[in-house]
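Thanks for making the time this morning; I would like to walk you through one model, slowly, and keep to what the coordinates themselves give us. Please have the sequence and the structure open while I talk.

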Amino acid sequence: MSDQASDLLKDYQAMAQQSWDAWTHYLQQHASMAQPFGQTAWGAPFGAGEDVLTRSMAAMKGYGEWLQGAVGSGLGQGTGDWQQSLQQLFASLGGQPFAHAFASIDSEAARSFTQMWQAWLQAGQSGLAGAHFDVEHMAAFGFTRERQLQQQALAAAMQAYLESAGKYQALIQRANTEGFERLQAKLTELTNSQRQVDSLKALYDLWVDGAEEAYAQIALSEEFRRAYGDMVNAQSRVRELKQQMLDAACRELGMPTRGEVSALGKRLQELRREVRAGTSPAASEEITALRAEVAALKRELAGKAAPGKPATKKPAPRSSKRAETEKEAVVRRAKPAAAVVARKSVVRGATRTRK
Amino acid sequence: MFPPFRLDPAALLGEISAFQRKLSAGVGNLAHQPEPEYANTPREAVYREDKLTLWHMKGQGKPTAKTPTLVVYALVNTVWMTDLQADRSLVRNLLEQGEDIYLLDWGYPDGADRWLTLDDYINGYLDRCVDAVRKAAGVDAVNLLGICQGGTFSLCYAATHGDKVKNLITMVTPVDFQTPDNMLSAWAREVDVDRFVETMGNIPAELLNWVYLTLKPVRLNQQKYVGLVDILDNPKELQNFLRMERWIFDSPDQAGEAFREFIKEFYQHNKLIKGEVMIGDKPVDLGMITHPVLNIFAEQDHLVPPDASRALGRHVGTTDYTQLAFKGGHIGIYVSSRAQREVPPAIHQWLSTRN
């Protein structure tokens, strides 16, 4: 029986290997199609072939390996201590059979973030290579004083980020551990009932339930909330400092900086709001009312300026033109902003021509 | 006392062999899958501005409803969740019931949209879309169907532009942003969102998607893909799975300023239920919503906990308030077969007695 099982396991392993090879081949093809220009100049933080491959396969591969380990563990076979078998199974896989589901929880993007900034930080400090002293805490002076301060701030921020990410990861590890404990508790509950786990998939699903419950409890805690906020804020601080350094470099090269482009975008958006507000129905109504009031005042003034003359006197031709122009202006006012701006340009041009 | 396992060695080997066989065979099926299409219900663009498009959805026959319904989706993900596939389409289902449906498709913001505010979105884009629907349908007021964050927007809009709204439907809409089980809210609470947005600009969709995945990391990063192996040999199921993957991951970035405001005012300070939200110069008082309100939420919603939505009943000013609890999750409420049977008919029935 044991020889038969051993043969089956060998057959299975051979089949599993073929299967993974096929998947690897498939995913590599697609990854290369997704990267027509190959690796990016940024060390490919996103979407590089290997990374895509790893991420796409991780879930199924992790599960496949766990299945394989479960068969070899003797779990559920014989009358031995099931708790011990379960622990052995999980221990044989490093104690965290699905570590990747949690381990990469701060995202591949965040990992790339760390790698990228560390690389840049090292590049920035390369000028100090060979210096055997605490660069981060050196007093800054001389022509490069400001740059030294920037480098020091960046190094400190990077260190703060790594520390906060470490605290966050510690909580994730706790969730992993407590998830397993919950699985044990769920299985213990089953011993008091007539229900039994009859497949590895059922055992896996039970573990997922336990893991998610443990994680949810931790993720909703005050401690996690602070750790999460600290990590995000520390990352933002690193990004902020690096952007300041990049902006300085852009200024030296006469290139527009991120801050300048952002400021232009903000002003443009404000201008769009002002233009829209000026052409809104409410604004048009107000302008129409004001124009009517001005026209009435003008008529009243015209009447006072010519005492003794009949009130029904035909207005001067020039006034008629003005009245017509005003009427036309009111009508045109309802046109879109672009049309108004265009018309204003024409009027300005005409004024200059007259001069 | 019973042992918790009943694992027969031969059955275990059979189980893992079956897993590997499905996996091996599945490679070929994945290799020949076309890009999954959404339902693509016939539609006509009736208004466009910047990145947004207002679609008038076309059913088989003419709508019998007198008042058109504008669907206001969230800024995260895309409105096509409501028209995902032919047999799982909220839109199609509502059209078949005789409703006249318009969809607000926000589009994909880029750097030019970095400074768009909630004022721009709600008092600007949304208001102009409502006007476009009113004009197209020849009515004074429309029904609003707000989904998730779009529901929150619809509440703000109805409270400040009440004369243009006839009936209000909210689906999985957060109102109280700080219920104890709201994981997103807990995580957002300690984040320095000013610095975060200042350094990120627009918020990348990939980052947000990762945050959503980490709400249930093992279930969404692994268990889901282990389950995929079981449907690799079923072309229809595989297409459905891939279609959902497309919807989940083909999502827009968030305009930085609007994101900052939303996190700060709603998540961090929970101002909506305090009556302290200002959208531009308009104070939002939920007590001003005196329209009939239908509030639909999902009992297993991990993104917007049911209590976050239930709170609406305590704060809204209307005397005609109806609440509908759906047995499902945040996504299942649109695409599950139960949802097709229950949700659109409930919406239609509720509307038909109020139009």
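Predicted model: local features only at pLDDT ≥ 70, side-chain atom pairs only at ≥ 80, totals over all residues.

Is B:C148 buried or exposed? B:C148 has 24 other C-beta atoms within 10 Å and is therefore buried. There is a second case, B:V172, which is not a glycine either and has a positive phi of about 35°. B:V172 belongs to the loop between β6 and α5 (183–189) of chain B, and because 28 other C-beta atoms lie within 10 Å of it, B:V172 is buried too.

Now let me step back to the sheet of chain B. It is an open sheet of eight strands with mixed pairing, and the order is β1-β2-β4-β3-β5-β6-β9-β10. At the edges we find β1 (43–49) and β10 (321–326) of chain B, each of which pairs on one side only. If we ignore direction, neighbouring strands of this sheet are turned by 20° against each other on average.

Helix α3 (residues 118–137) of chain B touches β1, β2, β3 (69–72), β4 (101–105) and β5 (142–147) of chain B, and its direction makes about 135° with that of β1(B). Helix α4 (residues 149–160) of chain B touches β3, β5 and β6 (165–171) of chain B, and its direction makes about 145° with that of β5(B).

For chain B as a whole, there are 14 helices and ten strands, and the C-alpha trace spans about 70 × 50 × 50 Å along its principal axes. Which radius of gyration would a compact globule of 355 residues have? It would be near 20 Å, and chain B has 22 Å, which agrees. Of the 355 residues of chain B, 47% count as buried. In an unreviewed entry, UniProt lists residues 88–334 of chain B as "domain: AB hydrolase-1"; the end C-alpha atoms of that span lie 7 Å apart, and the span is 48% helix and 15% strand.

Chain A, by contrast, has twelve helices and zero strands, and 18% of its 355 residues count as buried.

Finally, the interface: 58 residues of chain A are in contact with 50 residues of chain B. On the chain A side, the elements that give two or more residues include α1 (2–34), α6 (145–191) and α8 (222–252) of chain A. How do the residues on that side divide by type? There are 31 nonpolar, 19 polar and eight charged residues on the side of chain A that touches chain B.

Note on methods:
Residues numbered from 1 in each chain as written. Chains lettered and ligands numbered in written order. Contact = placed C-beta atoms within 7 Å. Helix = DSSP H or I, 4+ residues; strand = E, 2+ residues; numbered from the N terminus. Nonpolar A, V, L, I, M, F, W, Y, C, P; charged D, E, K, R; others polar. Rg over C-alpha atoms; globule rule 2.2 N^0.38 Å. Buried ≥ 20, exposed ≤ 12 C-beta atoms within 10 Å, placed from the backbone. Pairing = 2+ DSSP bridges. Axes fitted to C-alpha atoms, helices over the stretch in contact; angles between N-to-C directions. UniProt positions renumbered as here; feature names shortened; annotations may be inferred.
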